[in-house]
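Okay, everyone, thanks for coming. Let me put the structure up, and then we'll walk through a few contacts, the sheet and the pocket.

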Amino acid sequence: MKRLFLIFSIFLLFCTGCEQKDKPNIIFNSDPITMDTIMYPKKVFAEGQRIYYLFFTPKKINSEFIRVQVFKAGDTINRGGYTIYWTNDYRVMKQNMYYYYNNFTIHQKGRYVMQVFSIDNLGKPLAYNEFFIR
């Protein structure tokens, strides 16, 4: 039931004015992604606050795994202006070939970017989006 709800929500998001309907995207929220919260994504979070995210794509994910990476970006960071905060690989289940959702927590203020890659092509992200910890 929960999966059906998420698929319907993604479809609704595509049909109700998403600017880039043909591109994968990542949305964030401080509450679990539901029919009520999917239409009101957030980008600013408090330190230690749980961040829920939904990665979705209009094309089927053909890879068995995706890599989700979060890095901190800023002018005062050495190594090109960013540092990798964490990276995890997740199995894409057959019933979830168009989306992946999960949550995480960050305890440092700053500007962050989340990227999602197909494990078959780690050179080009499928989608990325930024958020802020204040």
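Let's begin with R111 and E130, which form a salt bridge with their closest N and O atoms 3.0 Å apart. By salt bridge I mean a side-chain nitrogen of Lys or Arg within 4 Å of a carboxyl oxygen of Asp or Glu. R111 sits in strand β7 (residues 110-118) and E130 in strand β8 (residues 127-133), so to speak a link between distant parts of the chain, 19 residues apart. Strands here are DSSP runs of E with at least two residues, numbered from the N terminus. R111 is partly exposed at 35% relative accessible area, and E130 is partly exposed too, at 28%. For those words, buried is under 20% relative accessible area, exposed is over 50%, and partly exposed is in between, using a 1.4 Å probe and protein chains only.

Quick housekeeping. This is a predicted model, where local features need pLDDT of at least 70 and side-chain atom pairs count only at pLDDT 80 or more, while totals for chains, interfaces and linings use all residues. Residues are numbered from 1 along each chain as its sequence is written, and side-chain values use heavy atoms, with hydrogens and water left out.

How many salt bridges does that rule give? The count is three. Another of them joins R67 and D89, with the closest N and O atoms at 2.6 Å. R67 belongs to strand β4 and D89 to strand β5, so this pair ties together parts that are 22 residues apart in sequence. Both ends are partly exposed: R67 at 23%, D89 at 40%.

Then there's R91 with E64, closest N and O atoms 2.3 Å apart. R91 is in β5 (residues 82-91), whereas E64 is in the loop between β3 (50-56) and β4 (65-73), so parts 27 residues apart in sequence get tied together. Again we have partly exposed residues, R91 at 44% and E64 at 45%.

Now the sheet. Five strands make an open sheet in the order β2-β8-β7-β4-β5, with mixed pairing. Which strands stand at the edges? Those are β2 (44-45) and β5, each with a single partner strand, so one side of each has no neighbour in the sheet. Pairing, by the way, takes at least two DSSP bridges between two strands. β4 and β7 run antiparallel and are joined by eight bridges. R67 turns up again here: its bridge partner in β7 is F117.

Also in β4 is Q69, and that one is buried, at 13% relative accessible area. The Q69 side chain makes polar contacts with the side chains of T87, at 3.4 Å, and Q115, at 2.7 Å. A polar contact is a pair of N or O atoms within 3.5 Å; within protein, one must be able to donate a hydrogen and the other to accept it, and residues adjacent in sequence count only if both atoms are side-chain atoms.

Last stop, the pocket lining. The largest pocket is lined by 18 residues, with K23, P24, P125, L126 and A127 nearest its centre. On a 1 Å grid over the protein atoms alone, a pocket is an open set of points where a 1.4 Å probe fits, with protein on both sides within 12 Å along at least five of seven lines; lining residues have an atom within 4 Å of a point.

Technical notes
Helices (H or I, at least four residues) and strands (E, at least two) are DSSP runs, numbered from the N terminus.
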